[in-house]
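Please examine the sequence and the model shown below.

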Amino acid sequence: MQNPPRYPDIEIYILDTNLPDICEWLKKHLTIKGAPLVEGNTHKIHTNYNGADIPVIVVEKASGKRFTSVWFDSSSTPWETDLDCARSAFSALNKEVRCSASGWIEEEEEDAPDLWWKINQHGEKQCNWKD
């Protein structure tokens, strides 16, 4: 079976978490350069991985007010896909993590069902966001 291609960026959503815990998880995988730049509920974190600068944007209360978005604006992350990153976050934080069930495809129909991976203490499963 062929591995999925590396995603051009990574985004996950973590339930009921906080910035200090996210930063502790990030430090296990990336070098954080300086303090986060805070703009309201958005935190811009400059990180580095294997010589590549990786901007990380953390948005608290991003979805349903209980989820925090963590977006890595780079293809040079330690993870190849959103699901790889979500698994890492769940393992470190023990909080429910969601991510898109597929990579971004610009030609994708806008009416296509929006499937997500949900990872929590019950395991991993694909779902609609509201499940």
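C23 counts as buried because its relative accessibility is 12%, where buried means under 20% relative accessible area, exposed over 50% and partly exposed in between (1.4 Å probe, protein chains only). C127 is likewise classed as buried, at 3% relative accessibility. A disulfide is a covalent bond between the sulfur atoms of two cysteines. Here a disulfide is counted when a pair of cysteine sulfur atoms lies within 2.5 Å, and by this rule the count is 0. For C127, the closest cysteine sulfur is that of C99, at 9.6 Å, which is too far for a bond.

This is a predicted model, in which local features need pLDDT of at least 70 and side-chain atom pairs count only at pLDDT 80 or more, while totals for chains, interfaces and linings use all residues. Residues are numbered from 1 along each chain as its sequence is written, and side-chain values use heavy atoms, with hydrogens and water left out.

The chain contains 2 helices and 9 strands, arranged along the sequence as β-α-β-β-β-β-β-α-β-β-β. Helices (H or I, at least four residues) and strands (E, at least two) are DSSP runs, numbered from the N terminus. Of the 131 residues, 39% are buried. Among contacts (heavy atoms within 4.5 Å) with a separation of 6 or more, 51% join residues 24 or more positions apart.

Helix α2 covers residues 82–93, and its 12 residues should span 16 Å at 1.5 Å a residue, the expected span being 1.5 Å times one less than the number of residues. The end C-alpha atoms are 16 Å apart, which agrees. The buried residues of α2 are D82, L83, C85, A86, S88, A89, F90 and L93. Their cover includes β1 (10–15), α1 (19–27), β6 (67–72), β7 (97–100), β8 (115–120) and β9 (123–128). Just after α2, N94 adopts a positive phi of about 55 degrees.

A nonpolar core is a set of buried Ala, Val, Leu, Ile, Met, Phe, Trp, Tyr and Cys residues joined through side-chain atoms within 4.5 Å. The largest such core has 26 residues, of which I12, I14, W25, L26, V56, V70 and F72 touch the most other members. At least two residues come from each of β1, α1, β5 (52–63), β6, α2 and β7, and α2 gives the largest share, 6 residues. Leaving aside residues up to four places away in sequence, I14 touches I22, R66, F67, T68, V70, A89, L93, K95, E96 and V97. A second, separate core of 5 residues includes Y13, L15, F67 and W116.
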